[in-house]
Structures are given as structure tokens and as C-alpha cells.
Amino acid sequence: MKCKPGLALIVLAAFPATAIAQTTETGTVAVEGQVRPVCVLGDPNPALVNLGQLSANSGPRTGRIAVIAPRTVTLPASYCNFAGSVVSVTATALTSNDTSAPQPGFARAVNYTASASNWASGTSTATTAALRDGTVPTASGFGATQPLPKIADITLTLSSFTAPGDLILVAGNYSGTVVVTLGPAAFPNEDN
Amino acid sequence: MMRKLMILAAPIAFLASPALAQTAVTGTVDINGSVAGRCMFTIPNKTISLGELSLASNGKLDASKVNGRSETLEGWCNNTAASMTVTTTQLTTATAAPTGFDNRVDYTATAVTGSVNANDTSLTAGAGSASTVGLFSGNIVVTLSSASSPNNGLMVAGAYSGNVVVTLTPTVALPD
């Protein structure tokens with residue numbers, strides 16, 4: 001009887017790297033920020049409009065309002081950085097520094113139209129309608145909504161100067177103001 | 001009678017001491033195993049909130065709000081060939097940018113772990129170059145720099161978002 005040497009070989013092997021997927025791992029850093037909505041108006045040029053002599057010096061209209069050429073004021077590089085902005089204009093009639101009630105036949109106010117353009121389609125216009133005694137001097141208006149962020153030179157034109165009832169103007173210094181507001185369309189008159 | 005019994009007993013005792021050698025035999029159990037090359041993030045997500053991105057003075061990008069900002073991820077890789085790449089996505093907002101405006105902020109992101117870094121700029125698409133990170137476990141600091149807007153224009157209002165993706169790849173060497 002021969003005795004054969006026994007051999008029991010049991011291999012427990014994990015498969016090597018050939019079967020391993022190269023799995024990538026990712027980590028993410030989210031980055032966030034915001035830009036606030038803002039509108040900026042350029043400094044008006046000129047900042048002061050001097051109309052000079054308002055009344056005619058001679059002829060049949062002596063003492064009554066003269067023909068006054070339109071004036072323009074530029075607000076350069078005005079911008080809103082959001083969609084949906086509007087320009088509004090609030091104009092105050094020129095009134096005399098003599099605040100006393102004018103005599104019949106006289107007026108102490110000069111009305112005009114202020115119109116801002118080059119923002120949205122059309123213009124933003126306000127025409128004052130002060131009474132001869134200078135009361136109710138203020139008028140406001142706003143134009144169409146600008147649907148995009150925009151940067152532009154806004155042009156303000158002052159025109160159509162008239163006196164209430166075309167009456168004779170009281171002597172004195174006259175002053176008025178125009179306030180241009182650039183802001184969101186939802187609140188076109190928030191500063192009025 | 002007694003004599004005969006003695007004769008028969010002798011052969012029985014001889015057979016009880018066999019002449020066979022005692023040969024040892026062995027059985028062997030080999031045990032093998034492997035550990036896959038692997039990378040993992042233990043802190044995979046963070047957020048950098050930059051706040052207001054525009055300058056109050058002129059409405060343009062305030063790069064100081066971006067540059068130098070950082071956050072820290074955590075992770076590890078268990079093999080020497082592991083690599084790290086960075087992929088940036090620029091900050092954008094949904095509103096279109098007309099002439100004179102920008103609605104995008106580009107930047108560079110650099111991920112650093114130990115002495116190894118990888119970076120990418122959002123000015124170009126795709127990931128930056130891979131850096132071999134090897135075995136490591138610990139922080140991966142992501143820092144932003146070189147912020148810019150395409151035209152140095154006015155920044156469009158809105159919420160801006162982007163991200164930095166850090167990718168760890170074990171890069172296992174495959175046997176032939």
C-alpha cells in the first residue's frame with residue numbers, strides 16, 4: 001500500500017485592482033452674492049437754468065411774458081441696474097419772490113412744461129398750471145417703463161413758458177424747480 | 001498443549017510494530033485581499049456668501065467682496081496616485097446685461113490640502129489641471145481670487161450664484 005502525500009490548497013483570494021472602479025468624489029463650495037437694485041442720476045448740466053428777462057421789453061406785449069426759447073439740461077450717464085424703471089418729473093412753476101397777492105391784471109407765476117427724454121419710449125412730462133397768485137405751482141408726470149437695465153444721458157427740456165391768463169408779470173426775481181426722479185416703475189412718485 | 005499456545009502468540013506481537021514511516025502532509029490556505037483606491041469627502045458641501053457685489057460709489061464690481069474669501073471642505077484619499085482637480089462656475093444672475101452692464105463675475109478658485117494645490121478660472125470652460133494629492137486626510141481649503149466682470153461695467157441687480165467643484169480621483173494603477 002502506497003501512501004500518497006496529501007495536498008489541500010484552498011485559495012481565498014479577493015480580486016485585485018483590475019476590477020475596481022475609479023470612483024471620483026466631489027465636494028462643492030457654492031458661491032453666492034447679490035447686487036442691490038439701484039438708480040443713479042448724473043449731475044444735471046447745467047444745474048441752474050437762467051431764463052433771463054421773462055417779460056417783453058417792448059412792443060404790444062410789453063410787460064407780458066416774452067418768447068422764451070426752450071432750454072435743455074442733461075443728466076449724463078444716468079442708470080438703473082434693473083429691469084422696470086421709470087423717470088418721473090415734478091415741476092414747480094416759477095414764482096416771484098414778491099409773495100404778496102398780485103393786483104388784478106397781474107400775475108406772479110410763469111408756467112412751463114418740463115419733459116425728460118431718452119429713457120423709455122416717449123417722454124416723462126409735467127406741465128405746471130399755477131394760478132396768477134402763484135398758488136398750485138406743482139405738477140408731476142412720469143413716462144413709460146424701461147424694460148431693461150439702462151445707462152443713458154437723460155435730457156430734460158423746459159419749454160412752453162406762459163403766464164397765467166397771459167397777464168402782466170409782476171416785477172421781481174422768479175424761481176422754480178424741476179425734480180427728476182429715476183426709480184422703479186412700481187413707485188414712480190414715491191418722492192413726490 | 002501449553003507449548004503450542006506460546007508459538008502462536010509470537011507472530012501476533014510482531015505485527016503490532018509496523019515498519020511504515022510517518023510522512024507529514026500539509027494543507028495551505030492562502031488569504032489575499034485588496035483595498036480599493038478611494039477618495040471621500042467627509043465634509044462635501046460649503047457655501048461662501050459674498051454679500052453685496054457692487055460698489056456703492058459707481059455700481060461696478062467690488063472685487064474685494066470676492067477675493068480672499070474661502071471655505072473648507074474635508075476629505076481623504078488612500079492611495080499615492082490620487083489627484084485633485086478644481087472646476088469653477090462663474091457667478092451669474094438671470095437678468096440680461098445690456099450694453100454698459102455685466103451680469104457675470106469670473107474668478108479663480110484654488111483648493112489647497114497640505115502642500116498641494118489645484119486651481120481653475122471660470123474665464124475658461126472645464127476643469128483646471130490635476131494635481132497629485134496622494135494619501136491625505138484633512139482639510140481642503142478653497143479660496144477665491146482674481147475676481148472680474150467681463151466689461152468692468154455696471155452690475156445688473158439680482159441674486160448671483162456659482163460654485164466650485166473639487167474632484168478627488170483615486171487614479172488606481174491598473175495591472176497589465
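pLDDT is the predictor's confidence in each residue, on a scale from 0 to 100. Chain B has a mean pLDDT of 89, and 85% of its residues reach 70 or more. This is a predicted model, in which local features need a pLDDT of at least 70, side-chain atom pairs count only at pLDDT 80 or more, and totals for chains, interfaces and linings use all residues. Residues are numbered from 1 along each chain as its sequence is written, while chains are lettered from A and ligands numbered from 1 in the order in which they are written.

For the complex, the predictor gives an ipTM of 0.83 and a pTM of 0.80. Some stretches call for care. In chain A, the pLDDT averages 89, and 85% of the residues score at least 70. Over residues 1-20 of chain A, though, the pLDDT is below 50, and beyond near neighbours in sequence this stretch has 27 contacts in the model. Two residues are in contact if their C-beta atoms, placed from the backbone, lie within 7 Å.

Helices (H or I, at least four residues) and strands (E, at least two) are DSSP runs, numbered from the N terminus. A residue is buried if 20 or more other C-beta atoms lie within 10 Å of its own, exposed if 12 or fewer, and partly exposed in between, with C-beta atoms placed from the backbone.

| Chain | Elements | Buried residues |
|---|---|---|
| Chain A | zero helices, twelve strands | 37% of 192 residues |
| Chain B | one helix, twelve strands | 34% of 176 residues |

Along the sequence, chain B follows the pattern α-β-β-β-β-β-β-β-β-β-β-β-β. Among contacts in chain A between residues at least 6 apart in sequence, 77% join residues at least 24 apart. In chain B, residues 24 or more positions apart account for 77% of the contacts with a separation of 6 or more.

**Where the chains meet**

Now to the interface: 62 residues of chain B are in contact with 40 residues of chain A. On the chain B side, the largest share, twelve residues, comes from strand 12. By class, this side has 33 nonpolar, 23 polar and six charged residues; here Ala, Val, Leu, Ile, Met, Phe, Trp, Tyr, Cys and Pro count as nonpolar, Asp, Glu, Lys and Arg as charged, and the others, Gly among them, as polar.

Strand 12 of chain B also pairs with strand 2 (residues 25-35) of chain A, in the antiparallel sense and over eleven bridges; two strands pair if DSSP finds at least two bridges between them. Within strand 12 of chain B, B:Ser161 stands opposite A:Glu32.

B:Ser161 and B:Thr124 are 37 residues apart in sequence and 17 Å apart in space, C-alpha to C-alpha. B:Thr124 is found in the loop between strand 8 (116-121) and strand 9 (131-132) of chain B. Why does B:Thr124 count as exposed? Because B:Thr124 has 10 other C-beta atoms within 10 Å.

**The nonpolar core**

A nonpolar core is a set of buried Ala, Val, Leu, Ile, Met, Phe, Trp, Tyr and Cys residues joined through C-beta atoms within 7 Å. The largest one has 72 residues, and those with the most contacts inside it include A:Val110 and B:Val166. Strand 5 (residues 85-96) of chain A gives the largest share of this core, six residues. Leaving aside neighbours within four places in sequence, A:Val110 is in contact with residues including A:Leu54, A:Ile65, A:Phe161 and A:Tyr174.
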